[in-house]
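Subject: Structure handover and what I found in it

Hi,

Here is the structure I promised to pass on to you. Please open it alongside this email, and my notes follow below.

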Amino acid sequence: MTTLVTGSTGTIGAQVLAHLQARNADVRALTRSPETAQLPASVKAVRGDLADPDSVRAALEGVSTLFVLAPNVADELTQAMLTLTVAHEAGIKGIVYLSVFGGDGYADVPHFAGKYTVERMIEALDLPATVLRPAYFIQNDLRQKDGLLKAGVYSSPIGAKGVSMVDIRDIGEAAAIELVRREQAATPLGRETYALVGPDSLTGEGIATIWSEALGNAIRYGGDDLVVMEQRTKTMLPAWHALDLRLMFSRYQAEGAVATADDLAGLTKLLGRAPRSYAAFARDAAAQWARN
């Protein structure tokens, strides 16, 4: 009985592998480059690409549970839907799909709308799946290091409505818990959905205050200018991706993405503890940066 993890060499995939390894699961990792993939010693690398359904079919031989993390590419929706089709045809008994928090409401944000379409497919086919809906990743803000330390600015334009950011370690643990639960079940289990969120409603000004306390220096919020953000992002990412992110931040600014009490209770029950906070992350990051 084996679990296949897609997106295995990325930020979230690495967390999923680590938490599965801690649970002594038999794990394979799908990767385009098995020869160079940096994986835990007990994880077997298998060659495959979600854009190539035949490679996914081959990788699923002998697999009973599947973690689906589609890459953030222009054809993400197609890759995810085809992967689930192949898994359905292969008789995979348990699936965990990484969606996004708020996907059902953000109809104009491409990667949100795409993930929600995949959720609709899972429901329509009644796949034996757990859908995980993570909010914005706390660890994305590690990219703020230079601005925080050199300019005293927190520049992610999340606005003033509030975003319940989630720690990637909580994402990996939640995924591993559900994969193992489905793996160990005698028969396929029914569908489940969890919001993966943090305990705080975070704003730009609020995060600047958290960093001021963690770093011991005054940090200011850089403001809500999305045009500047898009232009800056285009120096690092393709133009389509930069626009997609601008649309996401626009919705954050207009509506926020705040967890409900039920969201937090569901995740707390799944993890067996409260989700990690942004303040704890900031303190840890500041301490590590000081050592380096």
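Let me begin with a pair of helices. The axes of α4 (residues 110–124) and α9 (residues 239–255) cross at roughly 85° and come within 8 Å of each other. Helix α4 is therefore roughly perpendicular to α9, a label used for angles of 65 to 115 degrees, while angles under 35 count as roughly parallel, over 145 as roughly antiparallel and the rest as oblique. The axes are lines fitted to C-alpha atoms, for helices over the stretch in contact, and the angles run from 0 to 180 degrees between N-to-C directions. On the α4 side, P110, H111 and F112 take part, and they meet D244, L245, L247, M248 and Y252 in α9; contact here means heavy atoms within 4.5 Å. The residues of this contact divide into 6 nonpolar, 1 polar and 1 charged.

Some housekeeping before the rest. This is a predicted model, in which local features need pLDDT of at least 70 and side-chain atom pairs count only at pLDDT 80 or more, while totals for chains, interfaces and linings use all residues. Residues are numbered from 1 along each chain as its sequence is written, and side-chain values use heavy atoms, with hydrogens and water left out. Helices (H or I, at least four residues) and strands (E, at least two) are DSSP runs, numbered from the N terminus.

Now to the sheet. It is open and has 7 strands in the order β3-β2-β1-β4-β5-β6-β8, with parallel pairing; two strands pair if DSSP finds at least two bridges between them. β3 (44–47) and β8 are the edge strands, each pairing on one side only. On average, neighbouring strands of this sheet are turned by 20° against each other, direction ignored.

Going along the sheet, β2 (residues 27–31) is joined to β3 in the parallel sense over 4 bridges, and A29 stands opposite A45 in β3. β4 and β5 also pair in the parallel sense over 4 bridges, with F67 opposite V96 in β5. V96 has a bridge partner in β6 as well, namely T130. Strands β5 (residues 94–98) and β6 run parallel and are joined by 4 bridges; Y97 stands opposite V131 there. Between β6 and β8 (residues 192–196) there are 5 bridges, again parallel, and R133 faces A195 in β8.

How well covered are β5 and β6? In β5, 5 of its 5 residues are buried, and in β6 (residues 129–134) the count is 5 of its 6 residues. Buried means under 20% relative accessible area, exposed over 50% and partly exposed in between (1.4 Å probe, protein chains only). In a regular strand the side chains alternate between the two faces of the sheet. Both faces of β5 are covered: G94, V96 and L98 are buried on one side, I95 and Y97 on the other.

Helix α6 (residues 168–184) lies across β1 (3–5), β4 (65–68), β5, β6 and β8, and runs at about 175° to β6.

A few single residues are worth a click:

- D170 is in helix α6. At 1% relative accessibility it counts as buried, and D170 touches L271, R273, P275 and R276, not counting residues up to four places away in sequence.
- V100 lies in the loop between β5 and α4 and is buried, with a relative accessible area of 8%.
- N24, in the loop between α1 (11–22) and β2, has a positive phi of about 60° although it is not a glycine. N24 is exposed, with a relative accessible area of 70%.
- D126, in the loop between α4 and β6, has a positive phi near 50° and is not a glycine either. D126 is exposed at 53%.

Definitions and conventions
Nonpolar A, V, L, I, M, F, W, Y, C, P; charged D, E, K, R; others polar.
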